Amino acid sequence: MSVHNQVVFITDADCASGKAIIRRFVSEGSHFILNSESGGLALWEERRLIENSGKLAIIVNIDLCSFDEVWDMLQSTEQQIGTVSVLVHNNNVVYPSTIESCDEAIFAKSIAINAKSAFICTQAAGKHMMKSQHGSIIYVSSIHAEKPTGSAFTYSIAKGAVSMLAKEAALVLGRSSIRVNSIERGPLEGDDVLFESTLTPLYDHYNYKVPNAELGTYEDLAELVLFLASDSSKYINGADIRFDGGFLLHYMNFRMKQP
Amino acid sequence: MSIAGKVAIITGAGTGIGKGVAIELANRGVHVAVHYNQSDAGALHTKEQIDELGGSSFLVQADVSKKTDIERMVNSVAEKYGGIDILVNNAALQLNFDFFDYDETAFDRMFNINLKGYWQCIQAVVPYMKAKQSGRIINMSSVHSKRPTDFDAVYAMTKGGIRMLGRESAIELAHYGITVNTIEPGEIQVGKQSSRESKPILTEEEIQKYKRFSRTEREKFPVGRVGRPLDVAQLVCFLASDESEFMTGSAIRLDGGSMLI
């Protein structure tokens, strides 16, 4: 499956990774369903690019934790641009939270945005993809599905759950030739602030911890998403793919050799 | 091993693994709070077995999806025994729903008990453990924190979450002298659930039977037999003891080698 003329559903399209993914898929000639909290306002440039490519983009702003809303939206967009064949779950919202002081509302919000929405979107998009017996589902997750943050436990437990969702969904949907994979995204510019912690030095000198001392970019991430969406990755299913340039390879923080 | 005289809360101790853990801890001289929600008959049976061994225990009911219930439970245990040394997070739900049969309510129910409940029990015991600058937290997870189930996707998701809850708690609580470890059991043979007929630990006769290493058992478990609650309980005893103080943030698979084949 090439993604040309395929319908790609991207959640949290407004964020930096969402925009980079849109741009990469535009050049492959895809159609889009974009869940955008800004109602498309934050995507004016990407929308122009899509329009110029002669493809279609449907902007929605729905509750991704409501099966009915996601299902109905996919039913209605199916009439307009066809059945969804790629789902990119791209929700990554980090709430600073500690075991000791976190409250229930933050816990519930983090699980809903980061994990429950992935489950509900997979159910709804998966059912649609089953009709055409093909598809690819990609979760843009995090290295914190494995490595603790020391600053945002509600985020890491949600991503730990998504990692298992990828494996379960890969088994269930695999019989319908739908693949499900998860990307463990490592540090990109600014993540040292996002995951600032007094408990772990993980992000100290984070750019130098990548062995070639060069942080990845959202464009690099979009390349991986495209690869996983296409048939080039047809034997990759239920995998957690680490995307961190080797950031987590250091045996211990203090042993890192300064460049 | 030095655990006698310590105080432990075991959630979900009216059935299965929790029951076996409660009995074995009490057998080694730990004061045990036997938590249950609806398995009152099972919890009573756990207490009766502990009484028979001459151990110390009391029953405490709570819905672990509710913070107020958890706080009431933890405070009552601390008040009775003068503190809390050990928490065994074990109460969990498994609905075995098909992937597409899960609705939003069922999803929330699973996460509220299996994940939020674990976290809030930890949150509630931390002040008591901090006061002593010592504590042992043991989270019961499953081999399904890494391997999918193919029968309950949301159950596996909650176990994937527990894997990270263990690691996050371990680094956050280490400087209070609190360790947090996770046990990932494979198939464990338990008796009938939630009834007076619960058999938390296999009878001698059954143990002998498994020792014969039937072909079926050997096909499933390289060690030749299914797991039993006592296997889990023995590991809990080690993780709850002073001897395990350098061990934190670990997840130990306990499956008789079944995930290797």
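**Exercise 1. Which residues touch the most other members of the largest nonpolar core?** Work this out for the predicted model above, then list what one of them touches.

*Solution.* 
- Start with the core itself: it holds 149 residues, and A8(B) and V236(B) touch the most other members.
- Helix α4 (residues 104–132) of chain B gives the largest share, with 14 residues.
- Now zoom in on A8(B). Leaving out residues up to four places away in sequence, A8(B) touches L25(B), V30(B), V32(B), A33(B), D85(B), I86(B), V88(B) and A240(B).
- For background, nonpolar side chains tend to be buried together in soluble globular proteins.

**Exercise 2. Describe the overall build of chain A.**

*Solution.* 
- Count the elements: chain A has eight helices and seven strands.
- Chain A is as compact as a globular protein of its length, because its radius of gyration of 18 Å is close to the 18 Å that the globule rule gives for 259 residues.
- Box it in: along the principal axes, the C-alpha atoms of chain A fill roughly 55 × 40 × 40 Å.
- Look inside: 52% of the 259 residues of chain A count as buried.
- Finally, ask how far apart in sequence the partners are. Among contacts in chain A with a separation of 6 or more, 75% are between residues 24 or more positions apart.

**Exercise 3. Find out what chain A brings to its contact with chain B.**

*Solution.* 
- Count both sides: 34 residues of chain A are in contact with 32 residues of chain B.
- Pick out the helices. On the chain A side, α4 (104–132) and α5 (153–174) each supply at least two residues.
- Find the top contributor: α5(A) gives the most, with 14 residues.
- Sort by class: the side of chain A that touches chain B has 19 nonpolar, nine polar and six charged residues.

Terms used. Residues are numbered from 1 along each chain as its sequence is written. Chains are lettered from A and ligands numbered from 1 in the order in which they are written. This is a predicted model: local features need pLDDT of at least 70, side-chain atom pairs count only at pLDDT 80 or more; totals for chains, interfaces and linings use all residues. A nonpolar core is a set of buried Ala, Val, Leu, Ile, Met, Phe, Trp, Tyr and Cys residues joined through C-beta atoms within 7 Å. A residue is buried if 20 or more other C-beta atoms lie within 10 Å of its own, exposed if 12 or fewer, and partly exposed in between; C-beta atoms are placed from the backbone. Helices (H or I, at least four residues) and strands (E, at least two) are DSSP runs, numbered from the N terminus. Two residues are in contact if their C-beta atoms, placed from the backbone, lie within 7 Å. The radius of gyration is taken over C-alpha atoms; the globule rule is 2.2 Å times the number of residues to the power 0.38. Ala, Val, Leu, Ile, Met, Phe, Trp, Tyr, Cys and Pro count as nonpolar, Asp, Glu, Lys and Arg as charged, and the others, Gly among them, as polar.
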